[in-house]
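Here is my note on the model you sent. Please keep the structure open as you read.

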Amino acid sequence: MGRNAVVTLVIDIQPTPAYKLKWLQMATTVTSTEKPVSTQPAPAEARPRAPRPPRPNFRHIHRFPLPVTVHHVPPVIPHNPLSLISVALSYLTFLISPPRQEVYSAYFDSATSSVHVTDENAVKALWQMGFFGKGSLSRSEPSWLAREKKRRGLLGGKSSEEVTRQRREERRELKLERARMEKLAIEERLKAEAAARENGTTIDQDDQSTAADGTANDTATSTEKFSLRKAKEARMLETRNQAARKAAATDSTDQAEKSPNGKSVRFSPVVQKQEFLSNSPSSMKLPDSVVDNIEADEEPIFENEEHLQLSKEEAFFLSYSLGTLNIYDAPVKASQNQPNSIMSTTSLLKLLCNHSFNPSRDASAALQPDDPFMLSYVVYHHFRSLGWVVRSGVKFGTDYLLYNRGPVFSHAEFAVIVIPSYSHSYWTETEERKEYIAAKQTRSWWWLHCVNRVQAQVLKSLVVCYVEVPPPTASIDDIGALLGTYQVREFLVKRFVPNRMRD
């Protein structure tokens, strides 16, 4: 085709069918019979809100998925021999100056059956790198100190509790003002009906229904236009009126209490009385300027009373799998000359298994392969090794919640329930063992329906994890071999919705 070629487009215009013309005429008729647009003045625009504080950069804060130091190795490119030199230099650098792995300290608390981390740097690192644990005085992230400073006015902004409290107060005022407006509208309507009856006029049923509809529409419109700003303005106006009435009453009282010589006499309604002993050191009062200088120079110092509380599974994963946590048998104090002993992995496993029962089991009891801690840790280790962020699911009636990246980025996608499975022939050799596994595996359909319904309401998929329990072993010294005897089977459960799953 040449440069000056002409392209011809052929458009086939077909006549419009009769039924389409009919629908177009009906649409035109409906459009023409619509009520004209209201010419009432629009309500005043809402006041500009205060700019929100900038959100922290969570991508940078939580850029490390685990609290481990990783040495990056450059990729090997087959057709580029220089890449081999870069890899060799990287290994040489690693051998000369290996990266330093940070190891944090914690202690086991038998009262709560959990592990506590009190060092602020360790708390910050464990939360930012993997979302481990929760604040003892917070819902999730340990942020008690910042919220307390905001509550006392030492930092800009408001705490989350104050924002929630203010929002609830505004909603309460809005509901009260709406109810008051609806009550006034009903009273006006009743007065109009009473006046019509006194005058002897009769209102037709159609007119009455139309008037009622109009009144209802006006009430609905006024309710829709009502906003929190108007509720605040009404509240402020009412407060000002009350203050003006009090001021007027005070002025009238002052006029009545004036003496004949023109001087006014006022009496305080509250009499304050303070007694000071002359020989008491507390009766000495410093000048106000000295007090102001002292208060300006001294800044209040707040001690962080919050610590990070790790679950048993999180603590064992950090101690055994990652090697980034040393767990002591008692709180570590800097004033002690001899530090407490660090618990070994085997003794820590026994301790956590014994404390997985309520009340805790005796330390001399033999460990069983289906202890609650072993089953829950196998599932926790399984999903953590696959890259999921695993958190407790107790608020939704499950064992775990699975996050793709973390709770600050998105909601949990899956909820996990752990159920033991005894498929090995060891568990069916005797009748006593059969009865034992039947009691362990018993679940009702009502239980499954309730759990599945809760997850459907919170938009989470229910995952049932069956853990294959191995026969008992004599020794637990090799924890890796012990964990290798367990197997995890996952099943995704969906709630049947008839109107969505008919096809």
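The points below go from the overall fold to single residues.

1. Basis. This is a predicted model, in which local features need pLDDT of at least 70, side-chain atom pairs count only at pLDDT 80 or more, and totals for chains, interfaces and linings use all residues. Residues are numbered from 1 along each chain as its sequence is written, and side-chain values use heavy atoms, with hydrogens and water left out.

2. Overall fold. The protein has 15 helices and 10 strands. These are DSSP runs numbered from the N terminus: helices are H or I with at least four residues, strands are E with at least two. Of the 503 residues, 24% count as buried. Buried means under 20% relative accessible area, exposed means over 50%, and partly exposed lies in between (1.4 Å probe, protein chains only). Among contacts with a separation of 6 or more, 62% come from residues 24 or more positions apart. Contact here means heavy atoms within 4.5 Å.

3. An open sheet has five strands in the order 3-4-2-1-5, with mixed pairing. Strand 3 (134–135) and strand 5 (325–328) are the edges; each has a single partner strand, so one side of each lacks a neighbour in the sheet. Strand 3 pairs with strand 4 (residues 308–310) in the antiparallel sense, over two bridges. Two strands count as paired if DSSP finds at least two bridges between them. Gly135 has Leu308 in strand 4 as its bridge partner.

4. A helix pair. Helix 10 (residues 312–322) packs on helix 11 (residues 345–354) at an angle of about 170 degrees, with the axes 11 Å apart. That makes helix 10 roughly antiparallel to helix 11. Axes are lines fitted to C-alpha atoms, for helices over the stretch in contact, and angles run from 0 to 180 degrees between N-to-C directions. Angles under 35 degrees count as roughly parallel, over 145 as roughly antiparallel, 65 to 115 as roughly perpendicular, and the rest as oblique. From helix 10, Lys312, Phe316, Ser319 and Tyr320 meet Thr345, Leu348, Leu349 and Leu352 of helix 11. By class, this contact has five nonpolar, two polar and one charged residues.

5. Annotated positions. An unreviewed UniProt entry carries the annotation "active site" for Tyr403, His411 and Lys460. Such annotations may be inferred rather than shown by experiment. The three span 58 residues in sequence, yet no two of their C-alpha atoms are more than 10.8 Å apart, so they gather at one spot.

6. His411 and Lys460. Which of these is buried and which is exposed? His411 is exposed, with a relative accessible area of 67%. His411 sits in the loop between strand 7 (400–403) and strand 8 (414–421). Lys460 is buried, at 10%. The loop holding Lys460 runs between helix 14 (445–457) and strand 9 (461–468). Not counting residues up to four places away in sequence, Lys460 touches Phe396, Leu401, Ala412, Glu413 and Gln455.

7. Backbone points to check. A cis peptide bond joins Asn358 and Pro359, with omega about 0 degrees. Pro359 is in the loop between helix 11 and helix 12 (372–385). Ser113 has a positive phi, near 55 degrees, and is not glycine. Ser113 lies in the loop between strand 1 (104–109) and strand 2 (114–117), and is buried at 18% relative accessible area. Phe131 also has a positive phi near 55 degrees. Phe131 belongs to the loop between helix 4 (120–128) and strand 3, and is buried at 2%.

Conventions:
Ala, Val, Leu, Ile, Met, Phe, Trp, Tyr, Cys and Pro count as nonpolar, Asp, Glu, Lys and Arg as charged, and the others, Gly among them, as polar.
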